[in-house]
Amino acid sequence: MPTFKTWSIGEVLTASDLNTAFSPIPLYASAITAQYTGGAIAADGTASVAIAFPASRFTVAPIVTVSTSDARLTAFISAVNAGTVTVGLRNNGVGNSGGTVTIYGVAMQFTSGTAAG
(Lines give C-alpha, C1' and ligand atoms only; values in the text may rest on other atoms or scores of the structure.)
Protein backbone atom coordinates (compact mmCIF):
# COMPACT_ATOMS: atom_id res chain seq x y z
CA MET A 1 0.00 0.00 0.00
CA PRO A 2 1.34 3.47 -0.83
CA THR A 3 2.58 5.70 1.92
CA PHE A 4 0.84 8.96 2.70
CA LYS A 5 2.80 12.14 2.09
CA THR A 6 1.90 15.82 1.93
CA TRP A 7 3.88 18.08 -0.39
CA SER A 8 4.50 21.80 -0.09
CA ILE A 9 4.22 24.28 -2.94
CA GLY A 10 7.50 24.37 -4.83
CA GLU A 11 8.77 21.05 -3.45
CA VAL A 12 10.49 18.80 -5.97
CA LEU A 13 9.13 15.27 -6.29
CA THR A 14 11.84 12.64 -6.32
CA ALA A 15 11.73 9.25 -8.01
CA SER A 16 11.41 7.73 -4.54
CA ASP A 17 8.36 9.93 -3.85
CA LEU A 18 6.71 8.76 -7.04
CA ASN A 19 7.59 5.10 -6.50
CA THR A 20 6.30 4.92 -2.93
CA ALA A 21 3.49 7.46 -2.71
CA PHE A 22 1.39 6.54 -5.74
CA SER A 23 -0.51 3.39 -6.59
CA PRO A 24 0.49 1.82 -9.90
CA ILE A 25 -1.94 2.08 -12.76
CA PRO A 26 -2.36 -0.76 -15.21
CA LEU A 27 -0.01 -0.83 -18.17
CA TYR A 28 -2.72 -2.61 -20.19
CA ALA A 29 -6.39 -3.17 -19.39
CA SER A 30 -9.47 -4.52 -21.11
CA ALA A 31 -13.12 -4.55 -20.12
CA ILE A 32 -14.92 -7.80 -20.89
CA THR A 33 -18.51 -8.13 -22.02
CA ALA A 34 -19.37 -11.40 -23.72
CA GLN A 35 -22.36 -13.65 -24.24
CA TYR A 36 -22.82 -17.31 -23.39
CA THR A 37 -25.49 -18.56 -25.80
CA GLY A 38 -25.19 -22.32 -25.37
CA GLY A 39 -28.62 -22.78 -23.82
CA ALA A 40 -29.69 -23.30 -20.22
CA ILE A 41 -27.18 -24.83 -17.82
CA ALA A 42 -28.87 -27.48 -15.65
CA ALA A 43 -28.68 -27.41 -11.86
CA ASP A 44 -25.14 -28.35 -10.73
CA GLY A 45 -24.01 -28.28 -14.39
CA THR A 46 -21.13 -26.40 -15.96
CA ALA A 47 -20.25 -24.78 -19.27
CA SER A 48 -17.41 -22.63 -20.54
CA VAL A 49 -16.82 -19.73 -22.91
CA ALA A 50 -13.54 -18.71 -24.56
CA ILE A 51 -13.20 -14.94 -24.88
CA ALA A 52 -10.51 -13.32 -27.03
CA PHE A 53 -8.81 -10.14 -25.82
CA PRO A 54 -8.23 -7.31 -28.31
CA ALA A 55 -5.32 -8.20 -30.62
CA SER A 56 -1.88 -7.70 -29.03
CA ARG A 57 -3.38 -6.08 -25.90
CA PHE A 58 -1.45 -8.15 -23.34
CA THR A 59 2.15 -9.39 -23.40
CA VAL A 60 1.62 -11.90 -20.55
CA ALA A 61 -1.47 -13.58 -19.09
CA PRO A 62 -3.37 -10.77 -17.32
CA ILE A 63 -5.17 -10.83 -14.00
CA VAL A 64 -8.85 -11.39 -14.79
CA THR A 65 -12.01 -11.05 -12.70
CA VAL A 66 -15.46 -12.05 -13.99
CA SER A 67 -19.13 -12.16 -13.04
CA THR A 68 -22.40 -12.98 -14.81
CA SER A 69 -25.86 -11.55 -15.29
CA ASP A 70 -27.47 -14.77 -13.94
CA ALA A 71 -27.52 -15.13 -10.14
CA ARG A 72 -27.70 -18.94 -10.49
CA LEU A 73 -24.23 -19.04 -12.05
CA THR A 74 -20.78 -18.64 -10.54
CA ALA A 75 -18.20 -17.48 -13.07
CA PHE A 76 -14.59 -18.60 -12.69
CA ILE A 77 -11.41 -18.49 -14.73
CA SER A 78 -10.44 -21.94 -15.99
CA ALA A 79 -7.59 -20.79 -18.29
CA VAL A 80 -5.95 -17.52 -19.28
CA ASN A 81 -3.10 -16.50 -21.56
CA ALA A 82 -2.07 -13.29 -23.31
CA GLY A 83 -4.69 -13.78 -26.05
CA THR A 84 -7.74 -15.38 -24.45
CA VAL A 85 -9.52 -16.19 -21.23
CA THR A 86 -11.72 -19.24 -20.76
CA VAL A 87 -14.53 -18.53 -18.33
CA GLY A 88 -16.23 -21.44 -16.61
CA LEU A 89 -19.87 -21.14 -15.57
CA ARG A 90 -21.15 -23.31 -12.71
CA ASN A 91 -24.83 -23.55 -11.88
CA ASN A 92 -25.26 -23.32 -8.10
CA GLY A 93 -28.04 -25.92 -8.13
CA VAL A 94 -31.18 -23.81 -7.91
CA GLY A 95 -32.85 -24.68 -11.23
CA ASN A 96 -31.74 -24.11 -14.79
CA SER A 97 -29.92 -20.95 -15.79
CA GLY A 98 -31.02 -18.70 -18.59
CA GLY A 99 -30.15 -19.75 -22.14
CA THR A 100 -28.25 -16.54 -22.81
CA VAL A 101 -26.01 -15.10 -20.10
CA THR A 102 -23.85 -11.97 -20.18
CA ILE A 103 -20.34 -12.29 -18.78
CA TYR A 104 -18.73 -9.13 -17.40
CA GLY A 105 -15.13 -8.70 -16.37
CA VAL A 106 -11.87 -6.81 -16.30
CA ALA A 107 -8.39 -7.95 -17.35
CA MET A 108 -5.25 -6.06 -16.26
CA GLN A 109 -1.49 -6.22 -16.72
CA PHE A 110 0.47 -3.85 -14.47
CA THR A 111 4.02 -4.03 -15.91
CA SER A 112 5.58 -5.17 -19.15
CA GLY A 113 6.93 -8.40 -17.68
CA THR A 114 4.25 -9.50 -15.24
CA ALA A 115 0.52 -9.07 -14.71
CA ALA A 116 0.86 -8.45 -10.97
CA GLY A 117 3.44 -5.65 -11.18
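Two strands are said to pair if DSSP finds at least two bridges between them, and this sense of pairing is used in the legends that follow for a predicted model.

View 1. Along its principal axes, the C-alpha trace spans about 65 × 30 × 15 Å. Buried residues make up 28% of the 117 residues in the chain, and the chain exposes about 6,900 Å², of which carbon and sulfur atoms supply 58%. Among the contacts in the chain with a separation of 6 or more, 67% are accounted for by residues 24 or more positions apart.

**View 2. Strand β5 and its two partners, β2 and β4.** Strand β5, which covers residues 84-91, is mostly covered, with six of its eight residues buried. Strand β2, residues 46-52, pairs with β5 in the antiparallel sense over seven bridges, and seven bridges likewise join β4 to β5, these two strands also running antiparallel. The strands β4 and β5 form a hairpin, with three residues between them. Which residue of β5 is the bridge partner of I51? The partner of I51 is V85, and V85 in β5 is also the bridge partner of V80.

**View 3. The open sheet made by β1, β6 and β3.** Three strands form an open sheet in the order β1-β6-β3, and their pairing is antiparallel. The edge strands are β1, residues 28-36, and β3, each of which pairs on one side only. From one strand to the next, the twist averages 15 degrees. Between β1 and strand β6, residues 101-109, the antiparallel pairing extends over nine bridges, and within this part of the sheet S30 stands opposite A107 in β6.

View 4. Residue D70 is found in the loop that lies between β3, residues 63-68, and β4, residues 73-80. Is D70 buried or exposed? Its relative accessibility is 10%, and because buried means under 20%, D70 counts as buried. A polar atom of the side chain of D70 lies 2.8 Å from the backbone nitrogen of G98. When its neighbours within four places in sequence are left aside, D70 is in contact with S97, G98 and V101.

View 5. In the loop between β2 and β3 lies S56, which is not a glycine either and has a positive phi of about 60 degrees. Because exposed means over 50% relative accessible area, S56, at 74% relative accessibility, counts as exposed.

Terms used. Residues are numbered from 1 along each chain as its sequence is written. This is a predicted model: local features need pLDDT of at least 70, side-chain atom pairs count only at pLDDT 80 or more; totals for chains, interfaces and linings use all residues. Side-chain values use heavy atoms; hydrogens and water are left out. Helices (H or I, at least four residues) and strands (E, at least two) are DSSP runs, numbered from the N terminus. Buried means under 20% relative accessible area, exposed over 50%, partly exposed in between (1.4 Å probe, protein chains only). A polar contact is a pair of N or O atoms within 3.5 Å; within protein, one must be able to donate a hydrogen and the other to accept it, and residues adjacent in sequence count only if both atoms are side-chain atoms. Contact means heavy atoms within 4.5 Å. Axes are lines fitted to C-alpha atoms, for helices over the stretch in contact, and angles run from 0 to 180 degrees between N-to-C directions. Accessible areas come from the Shrake-Rupley method with a 1.4 Å probe; for residues, only the protein chains shown count as cover.
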